[in-house]
Every structure is written in C-alpha cells, then in structure tokens.
Amino acid sequence: MKPEPADSESAGASALAAELRIVFGALNRRLREQADVGDLTSAQKSVLLRLERDGPTTGSALARAEAMRPQSMGAIIAALEAAGYVAGAPDPSDGRQTTISLTDHFRDWVSAGRAARQDWLLRALQARLTAREQHQLAGAVELLKRLIDS
C-alpha cells in the first residue's frame, strides 16, 4: 500500500521542522561562542534583556516581571551593579524607590558582542557559500520571517 500524498507531505514537514530546530540550535550556539558572555546566570541575562527591551524600572517591578521574590531580585541587581552592568538612581516620581538602568559600560559590551557575532557570520557566509547560495539563503530568510510572523 502506497502512502497518501498528504501523509508523505506531513512527514516531510515534520522532518523539516526537526532539522530546522537542530540547525538553528547549532547556529545559535556558534554565535554565542563568538562573543564573551561572561559568567552571567540565566536570571541575570533575563534581567539585562528586560532592561534593554523595556527600559529603566524599579527592582520591585523587575521582580514582578521576572516572577521572583524581591529579595532574590535584590541579589541579582547587586551582582549586576558589582559587574558595572546596571546602576541605580532615585526614582524621579518616588524618591523612596530606586530606578535600575543599564550602564554605558554594559551597552558597549553588548554592542561589541553583537559586532563579533555579526563579523563571524559575515565571514562564514563569504567563506562557505557561493554568491548563488547566499542569494538562495536570502530567499530562505524571507520564508523564515513568514514563519515567525504567523
């Protein structure tokens, strides 16, 4: 008995999804290798990304957003302050609170890391793919964008 075309298409799509997940995981690991991410914990990284995305906020608001106790967030903020990645200043609307924001040092560090990853990826594209393959990859990127937007 021959498999139905729909079954074979579904199996093909399933295999493609698995392969994409593996390839993107490997690419993500290679990109992370290209820039020093320091000894940050996942919680510290999450706080830094939240501050980068949402802007300055209080420690208690960060704790709520990250679903953790304020005491735990305090320890994370203290470690990030010691590393020079965040700084606290009196909240302009409520002087009893402290607003936490990213430092220029951290922004420079992130920018350098992103530049290193971009440079590695550019060199890899140029060294390993022909102009035609780069064009094909550009078309695939457009398809991937459609997946993300769905």
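The model is predicted. The chain holds six helices and three strands. From the N terminus, the order of elements is α-α-β-α-α-β-β-α-α. The radius of gyration is 22 Å, well over the 15 Å that the globule rule gives for 150 residues, so the chain is more spread out than a compact globule.

**Overall build**

- Along the principal axes, the C-alpha atoms fill a box of roughly 75 × 40 × 25 Å.
- Of the 150 residues in the chain, 21% are buried.
- Among contacts with a separation of 6 or more, 50% are between residues 24 or more positions apart.

- The three strands make an open sheet, ordered 1-3-2, with antiparallel pairing.
- Strand 1 and strand 2 are the edge strands, and each pairs on one side only.
- Strands of a sheet pair through backbone hydrogen bonds, in either the parallel or the antiparallel sense.
- Strand 1 (residues 57-58) is joined to strand 3 by two bridges, and the two run antiparallel.
- Thr-58 has Thr-99 of strand 3 as its bridge partner.
- Five bridges link strand 2 and strand 3, again in the antiparallel sense.
- Opposite Gly-88 stands Ile-100 of strand 3.

**Helix 4**

- Helix 4 covers residues 70-82, which is 13 residues.
- At 1.5 Å a residue, helix 4 should span 18 Å; its end C-alpha atoms are 18 Å apart, so the two values agree.
- Four residues of helix 4 are buried: Met-73, Ile-76, Ile-77 and Leu-80.
- These four cover an arc of only 100 degrees around the axis, which means they sit on the same side of helix 4.
- An α-helix has 3.6 residues a turn, so residues three or four places apart point the same way.
- Gln-71 and Ala-82 are exposed, on the other side of helix 4.
- The cover over the buried residues of helix 4 includes two helices, helix 2 (42-54) and helix 3 (59-65).
- It also includes strand 2 (86-90) and strand 3 (98-102).
- After helix 4 comes Gly-84, with a positive phi near 85 degrees.

**Glu-66**

- Glu-66 is located in the loop between helix 3 and helix 4.
- The relative accessible area of Glu-66 is 17%; this residue counts as buried because the value is under the 20% cut-off.
- The Glu-66 side chain makes a polar contact with the side chain of Arg-50, at 2.5 Å.
- Beyond its neighbours within four places in sequence, Glu-66 is in contact with Ser-46, Val-47, Arg-50 and Met-73.
- Met-73, one of these contacts, is also one of the buried residues of helix 4.

Definitions and conventions:
Residues numbered from 1 in each chain as written. Predicted model: local features only at pLDDT ≥ 70, side-chain atom pairs only at ≥ 80, totals over all residues. Heavy atoms only, no water. Expected span 1.5 Å × (residues − 1). Buried < 20%, exposed > 50% of the residue type's maximum accessible area, 1.4 Å probe, protein only. Arc of directions from axis to C-beta. Contact = heavy atoms within 4.5 Å. Pairing = 2+ DSSP bridges. Polar contact = N/O pair within 3.5 Å; in protein donor to acceptor, adjacent residues only side chain to side chain. Rg over C-alpha atoms; globule rule 2.2 N^0.38 Å.
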